[in-house]
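This report describes selected features of the structure shown below.

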Amino acid sequence: MELVEAIILSVLAASTPLLIAATGELVTERSGVLNLGVEGMMIVGAACGFGGAWLTGSIFIGALFGIIAGALMSLIFALMALGLAVNQVATGLALTILGIGLSGLIGAGFVGERITPAAHLHIPGLTDIPLIGRVLFGEDAFVYFSIALIIGVWWFLYRTRAGLILRACGDNHVSAHALGYPVLRIRTFAVMFGGACAGLAGAYLPLAYTPFFIPGMTAGRGWIALALVVFASWRPGRLVIGAYLFGAVTILQLHAQGWGVGIPSQFMSALPYLATVIVLVLLSRARTGGSTAPAALGTVFVPDR
């Protein structure tokens, strides 16, 4: 029972940054913008988040620093891809490269430092219930926020007029513009939301997952978050399943190494990314009714008037 509980808790912790980052990217892509810079925004959020928490002693301020850092990074992307109509794929890749270098510069003075990680909820009587107590009533605030975030995004996209307008911009920006909606402004806000989520997801790593900062600590999680959006067919409900599935793959390969499974550790470490590639290939072959992606995803929009 204790082993099962430990594995479930580890899966939740590993899945949380994936879920937060993928939720933000889902909103971005629903607006018609493809931002491949999630990895860069995450690592900058990790560096700024840890720096803010280390300097102030507050996990909340550290998380706020991560959110702001991710949003500012996304504004660079918005300026290039939306303001100057530069190719979105190239801009996103450049943003990732910039983020990796910038995070090394920001975090250079924090390498080797440690902080007290985010506190976990404890409700007497409930948290002590075997197996489910710590899972439901013993997590940190980031885990509960990730669930609230995905529910809020689902409600926004499918139950509000603003969400309908955002999806319209992603499906047909020309028609949305003809109806009088400010497509570029809507997309800019969506990109900033995605950047803020990526920054928070990156900040979660040094603030709660591992209480220290090292360069490159995101370890490709931004790319997995991008794949999760495709895996979920751009639907929030499926995103939860995908995030916890990929989190489980990440944790189980670590436990398999600890159990002494006779498979090279290098292969086990590559397993989550191999699973990402396999899932994307299977999804592309399974779609017989056409793509489920927003019709205008990645398409440059330049309003005439």
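## Contacts of L207

Leaving aside neighbours within four places in sequence, L207 contacts G49, F50, A53, I59, G62, A63, I115, P117, A118 and F142. These values come from a predicted model.

## Nonpolar cores

The largest nonpolar core comprises 69 residues. L207 is among the residues with the most contacts inside this core, together with V38, F142, F213, L228, L239 and F246. Helix α9, residues 183-209, supplies the largest share of the core, namely 13 residues.

## Helix α1

Helix α1 covers residues 2-30, 29 residues in total. From its first C-alpha to its last, α1 reaches 41 Å, close to the expected 42 Å. The helix bends by about 30 degrees at S15, and the proline P17 follows within four residues.

Of the 29 residues of α1, 23 are buried, so the helix is largely enclosed by the rest of the structure. After α1 comes G32, which has a positive phi near 100 degrees.

Is Q88 buried or exposed? Its relative accessibility is 2%, and Q88 therefore counts as buried, the cut-off being under 20%. Q88 lies in helix α4, which spans residues 88-107.

Not counting residues up to four places away in sequence, Q88 touches G32, V33, L34, F77, A81, G298 and T299. One of these contacts, G32, is the residue with positive phi that follows α1.

Methods
Residues are numbered from 1 along each chain as its sequence is written. This is a predicted model: local features need pLDDT of at least 70, side-chain atom pairs count only at pLDDT 80 or more; totals for chains, interfaces and linings use all residues. Side-chain values use heavy atoms; hydrogens and water are left out. Helices (H or I, at least four residues) and strands (E, at least two) are DSSP runs, numbered from the N terminus. The expected span of a helix is 1.5 Å times one less than its number of residues. The bend at a residue is the angle between axes fitted to the seven residues ending there and the seven starting there. Buried means under 20% relative accessible area, exposed over 50%, partly exposed in between (1.4 Å probe, protein chains only). Contact means heavy atoms within 4.5 Å. A nonpolar core is a set of buried Ala, Val, Leu, Ile, Met, Phe, Trp, Tyr and Cys residues joined through side-chain atoms within 4.5 Å.
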